[in-house]
Amino acid sequence: MAPGGSHGTTRPVVTFARPEGYRPGLGRRGRTAAAAACVVLGLGLIGGAVTGSWLVGDSGDSGERSAYVTAGGLWHNVPVDQLFPPTVDGQGAGPGGADRTWTRIAVAPDSGCADAFDPLLQKVLAPVGCTRLLRATYTDATQSYVTTVGLLFTKADATAMRALDTRFTTEGLAKRADLMPRPYAAKDTVAAAFGDKQRAAWTVSVLTDAPVVVYAVSGWADGRDVDTPQPAPAATATGATTAPAQAGLGNEAQGLADRVERGLRKTAVTPSQQSSEHPS
C-alpha cells in the first residue's frame, strides 16, 4: 500500500494555540486550514475503519472486499518469512499460560493440495478449491515436539468461505480424527519421522474474511506412533488427561496456528512491497 499523500501536495497549515482569552474569528485562512484538517482527519478515520472492518468483521463494503482479495494473493506477493517467520514467540501459548518459542526447521515447496489432507478432509474442502498450499514445520525450544502449520489459499468467494465455516461448526468437522491435515516431514530434520501415524493434535480454522484455511498438526519429535490423536480444543481443555494433552501438544498446534493466522491478517492489511521468496 503506498504511503498517504503525494509529492507537491499542499499540507494543512498548523499553528500554535493563541494565548488564553484570545477570541477573534477564524478568518478566511483559518477556515481554510480547519476545513483541510477535517478532510485529513476524515480520511484517517476512513482508512482506520477499512482496516478495522477486516480485523473485527464489521461491514466495510469495498474496503472489506479489497482486503479479502489482498489476502488471497499473499502466497505470491510477500516473502515466505512474513507468512512463516523463522522464529515465532508464543507468550502464554503453552499449558498453564507458559511461554513458547517455535523455530522453523523446514518450508515445503508451494504446491497444490494433493495428498496434503486425509481423503475425507480433501473432499470437505473441495467446494472452495485450492489455489496454493503453503506449509512449514516448526519445533519447540527443546526439540521435543514438531508442528506443521499450513495455509490453504482457496479459490472461493466470501459466501463460499462462510458456508464452509458454517459446515465445520454445525457438523463438528474440526473434531473428527478422520478429517486431519497431514504433516510435512522434512528430511534431515527432527521432523523427518513426522508422518500420519505420529499426529497427536490438530486444529483447522476456516477464515471467513479471507480465502484461507489455516491449520496445524503436532506430534512428538521422536517419531512415536499415536493411537488416539486429539483435536487441539479438547487437548487444551482443563482437566484433559490424554497423552497429547499432558504433553501440551494441543497447545503446540493451537498456539502456532493462532500466531501464523495473526501474521496473515496483519500482512493482508499492510502487505509487503517485496516479491515472494517461496522456494520452487
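This is a predicted model: local features need pLDDT of at least 70, side-chain atom pairs count only at pLDDT 80 or more; totals for chains, interfaces and linings use all residues.

Colleague: How many aromatic pairs does the structure hold?

Modeller: The structure holds 1 aromatic pair. Phe 117 and Tyr 215 form this pair, with 5.4 Å from centre to centre and 70 degrees between the planes. An angle over 60 degrees counts as edge-to-face, and the pair of Phe 117 and Tyr 215 is therefore edge-to-face.

Colleague: Where in the chain do Phe 117 and Tyr 215 lie?

Modeller: Phe 117 is in the loop between strand S2 (100–107) and helix H5 (119–125), while Tyr 215 belongs to strand S6 (residues 212–220). The two are 98 residues apart, and the pair links distant parts of the chain.

Colleague: Let us turn to disulfides. What is a disulfide?

Modeller: A disulfide is a covalent bond that connects the sulfur atoms of two cysteines. In this model the count comes to 1 disulfide. The disulfide joins Cys 113 to Cys 130, with an S to S distance of 2.1 Å. The link of Cys 113 and Cys 130 is right-handed, with 80 degrees about the S-S bond. Cys 113 sits in the loop between S2 and H5, and Cys 130 in the loop between H5 and S3, so that distant parts of the chain, 17 residues apart, are linked.

Colleague: Is Cys 113 buried or exposed?

Modeller: Cys 113 counts as buried, because its relative accessibility is 7% and the cut-off for burial is under 20%. Cys 130, at 22% relative accessibility, counts as partly exposed.

Colleague: Which residues does Thr 154 touch?

Modeller: Leaving aside residues up to four places away in sequence, Thr 154 touches Val 128, Gly 129, Thr 131, Met 161, Pro 211, Val 212 and Val 213. Thr 154 itself is found in the loop between strand S4 (145–153) and helix H6 (158–171). Its relative accessible area is 6%, and therefore Thr 154 is buried.

Colleague: A last case, please. In which strand does Leu 134 lie?

Modeller: Leu 134 lies in strand S3 (residues 132–140). Leu 134 counts as buried because its relative accessibility is 2%. Along the chain, Leu 134 and Gly 150 are 16 residues apart, and 5.6 Å separates their C-alpha atoms.

Terms used
Residues are numbered from 1 along each chain as its sequence is written. Side-chain values use heavy atoms; hydrogens and water are left out. Rings of Phe, Tyr and Trp (its six-membered ring) pair if their centres lie within 6.5 Å; planes under 30 degrees apart count as stacked, over 60 as edge-to-face and the rest as tilted. Helices (H or I, at least four residues) and strands (E, at least two) are DSSP runs, numbered from the N terminus. Buried means under 20% relative accessible area, exposed over 50%, partly exposed in between (1.4 Å probe, protein chains only). Contact means heavy atoms within 4.5 Å. A disulfide is a pair of cysteine sulfur atoms within 2.5 Å.
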